[in-house]
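Visitor: Could you take me through the side-chain interactions of this protein, giving the criteria as you go?

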Amino acid sequence: MSAPEFGADFRARFADLVAWRRDVRRFRPDPVPEEALRESLALACLSPSVGNSQPWRFVRVSNPERRAAVAASFTRCNDAAAASYDDARASAYRSLKLAGLREAPVHLAVFCDEATGAGHGLGRATMPEMLRYSAVTAVHTFWLAARSHGLGVGWVSILCPEEVAAVLDVAPSWRLIAYLCVGYPVEEHADPELVRHGWQERQEAGTMTER
């Protein structure tokens with residue numbers, strides 16, 4: 001079986017996909033096509049994983065009470081985060097929209113199963129965190145795949161992982177990696193929202209240190 005060839009046109013389109021993969025916080029209420037969601041999840045499961053352990057576990061959160069509990073965790077954590085800044089930065093922080101939990105039609109919690117026997121421990125005796133990093137690669141692959149369907153994804157990290165795990169009643173060995181909001185964006189921007197609203201400029205891209 002010969003490897004596929006990826007030409008200049010494909011590379012240019014891929015660069016567009018990466019550049020337009022934005023963290024979305026403002027979603028339209030339109031439902032997400034099930035086929036697009038399933039295809040994106042299938043591609044996510046092709047991501048690399050240490051020892052071929054495939055530790056990612058996706059949980060679709062549809063129950064309104066559970067969604068409300070996750071949103072409540074966000075509110076508590078967000079208030080605490082705002083209080084950790086001085087007055088000027090706290091005011092800027094509070095002006096930001098940092099999650100689309102109430103608007104997004106689809107919520108996905110992504111966990112790492114830290115007790116998985118898959119992979120037989122290969123590659124993580126010296127770096128056990130590789131198991132979680134493997135789950136992160138699946139999140140990124142899902143994000144790009146969803147974007148290729150015109151969907152937006154928002155990664156909500158202002159949450160208490162233990163609270164979310166308890167709300168979703170998952171196995172004790174599952175560690176929360178990401179809580180994703182998925183849906184069609186209200187607006188499209190090539191620049192990150194935190195740049196657009198003056199929180200943080202992008203740093204120089206493509207730098208590499210020689211040793």
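Guide: Let us begin with burial, where a residue is called buried under 20% relative accessible area, exposed over 50% and partly exposed in between (1.4 Å probe, protein chains only). This is a predicted model, in which local features need pLDDT of at least 70 and side-chain atom pairs count only at pLDDT 80 or more, while totals for chains, interfaces and linings use all residues. Residues are numbered from 1 along each chain as its sequence is written, and side-chain values use heavy atoms, with hydrogens and water left out.

Visitor: Is Tyr-93 buried or exposed?

Guide: The relative accessible area of Tyr-93 is 6%, and the limit for a buried residue is under 20%. Tyr-93 is therefore buried.

Visitor: How are the rings of Phe-6 and Phe-10 arranged, and how are those of Tyr-85 and Tyr-93?

Guide: Rings of Phe, Tyr and Trp (its six-membered ring) pair if their centres lie within 6.5 Å, and planes under 30 degrees apart count as stacked, over 60 as edge-to-face and the rest as tilted. The structure holds eight aromatic pairs. Among them, Phe-6 and Phe-10 have ring centres 4.9 Å apart and planes at 35 degrees, so this pair is tilted. For Tyr-85 and Tyr-93 the centres are 5.4 Å apart with the planes at 35 degrees, and so this pair, too, is tilted.

Visitor: Which residue lies over the face of Trp-143, and which has its charged end over the ring of Trp-199?

Guide: A charge sits over a ring if NZ of Lys or CZ of Arg is within 6 Å of the ring centre and within 35 degrees of the ring normal. Over the face of Trp-143, at 4.4 Å from the ring centre, lies Arg-21. For Trp-199 the distance from the ring centre is 4.3 Å, and the residue is Arg-89.

Visitor: How many disulfides does the structure hold?

Guide: A disulfide is a pair of cysteine sulfur atoms within 2.5 Å. The cysteine sulfur closest to that of Cys-77 belongs to Cys-160 and is 5.8 Å away, which is too far for a bond. Cys-77 itself is partly exposed, with a relative accessible area of 23%. The number of disulfides is zero.

Visitor: Which parts does the salt bridge of Glu-162 and Arg-175 tie together?

Guide: The closest N and O atoms of Glu-162 and Arg-175 are 3.2 Å apart. Glu-162 lies in helix H6 (residues 161-168) and Arg-175 in strand E4 (residues 174-183), so the pair ties together parts that are 13 residues apart in sequence, namely helix H6 and strand E4.

Visitor: Where is Pro-55 found?

Guide: With a relative accessible area of 0%, Pro-55 is buried. Its contacts (heavy atoms within 4.5 Å), not counting residues up to four places away in sequence, include Phe-111, Leu-131 and Ala-135. Pro-55 is in the loop between helix H2 (34-44) and strand E1 (56-60).

Conventions
Helices (H or I, at least four residues) and strands (E, at least two) are DSSP runs, numbered from the N terminus. A salt bridge is a side-chain nitrogen of Lys or Arg within 4 Å of a carboxyl oxygen of Asp or Glu.
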